[in-house]
Amino acid sequence: VVFYYTSVAYLDIALEVINAIKKAVELHVVIEIAPESRATNILNVQSLHGLPTLASPDQVLDKESLALFQPYFKEAASVQFFVQKNPKTFSAGMLRDCKTLSRYISSVAPDIIHFDTAKARALGLLPLLHRKFRSEIFITIHDPLPHSGEFNWRNSLVKKGFFPVSAGFIFYSTFSEKIFQQVYPSYQNKTAVIGMHPYSFYRNYLPAAPSPRETILFFGRISQYKGVDIFL
């Protein structure tokens with residue numbers, strides 16, 4: 001039984017992980033969504049108003065979006081959105097939401113808890129994780145080091161809170177794994193690489209027949225640390 005926690009920010013690659021393991025385990029998926037993330041990555045949710053803390057996909061997504069996501073969610077034991085309405089990361093509301101999610105995790109009684117990147121909005125889960133799941137937690141690490149110019153003090157709190165209770169760390173590339181092992185040598189024997197899957201969801205954005213035209217392909221976010229100034 002696997003409890004898989006991801007967020008909208010990483011939903012495109014998380015869908016591929018869900019697809020890969022949903023038939024091998026009893027998979028319970030929770031997707032964190034908040035005001036700052038409701039219209040990012042591959043999701044575009046107009047409003048979180050009126051949604052419960054744990055909401056089903058059909059409560060969150062419109063019919064068109066639900067149809068696109070359904071092939072990935074199908075055959076998972078459960079899929080829910082973890083809805084946090086407060087725009088502030090740290091609030092009394094966040095703690096209440098995490099208590100609700102903690103009760104749900106306890107009811108699932110997972111053998112493994114897998115965070116596809118632990119987030120600051122999940123810090124309220126730490127009392128439960130310390131108490132019941134210290135040897136069952138695995139974390140996928142997307143960025144072993146903060147990007148240049150994008151340091152966030154909340155990430156430091158996440159690492160201090162989640163790393164000590166983690167049994168292992170998962171990476172999508174050997175490059176990221178090596179950086180992590182250099183920065184966190186005490187965890188270097190607790191790492192594994194699963195590699196990238198094709199981002200199949202983006203096929204939904206392809207036109208029926210691409211017309212010949214001049215195209216610029218740029219990898220990554222359009223921000224300074226990606227070298228956009230050099231590119232231009």
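A residue is called buried when its relative accessible area is under 20%, exposed when it is over 50%, and partly exposed in between (1.4 Å probe, protein chains only). The model on screen is predicted, so local features need pLDDT of at least 70 and side-chain atom pairs count only at pLDDT 80 or more, while totals for chains, interfaces and linings use all residues. Residues are numbered from 1 along each chain as its sequence is written, and side-chain values use heavy atoms, with hydrogens and water left out.

**Stop 1: the sheet.** Helices (H or I, at least four residues) and strands (E, at least two) are DSSP runs, numbered from the N terminus. Show the strands: eight of them form an open sheet with mixed pairing, in the order S3-S4-S2-S1-S5-S6-S7-S8. Strand S3 (54–55) and S8 are at the edges with a single partner strand each, so one side of each has no neighbour in the sheet. Two strands pair if DSSP finds at least two bridges between them.

**Stop 2: strand S2.** Select residues 27–33. Seven of the seven residues of this strand are buried, so S2 is largely enclosed by the rest of the structure. Leu-27, Val-29, Ile-31 and Ile-33 point one way, and His-28, Val-30 and Glu-32 point the other way.

Strand S1 (residues 2–7) pairs with S2 in the parallel sense over six bridges, and Tyr-4 stands opposite Val-29. Strand S4 (residues 78–83) also pairs with S2 in the parallel sense over six bridges; there, Val-83 is the bridge partner of Ile-33.

**Stop 3: strands S5 and S6.** Select residues 112–116 and residues 137–140. These two strands run parallel and are joined by four bridges, with Ile-113 opposite Ile-137.

**Stop 4: Ser-91.** Select Ser-91, in the loop between S4 and helix H4 (92–108). Is Ser-91 buried or exposed? Its relative accessibility is 16%, so Ser-91 counts as buried. The side chains of Ser-91 and Asn-86 are joined by a polar contact of 3.4 Å (a pair of N or O atoms within 3.5 Å; within protein, one must be able to donate a hydrogen and the other to accept it, and residues adjacent in sequence count only if both atoms are side-chain atoms). A polar atom of the Ser-91 side chain also lies 3.1 Å from the backbone nitrogen of Met-94.

**Stop 5: Tyr-205.** Finish in the loop between strand S8 (191–193) and helix H8 (228–231), where Tyr-205 is found. Tyr-205 counts as partly exposed because its relative accessibility is 48%.
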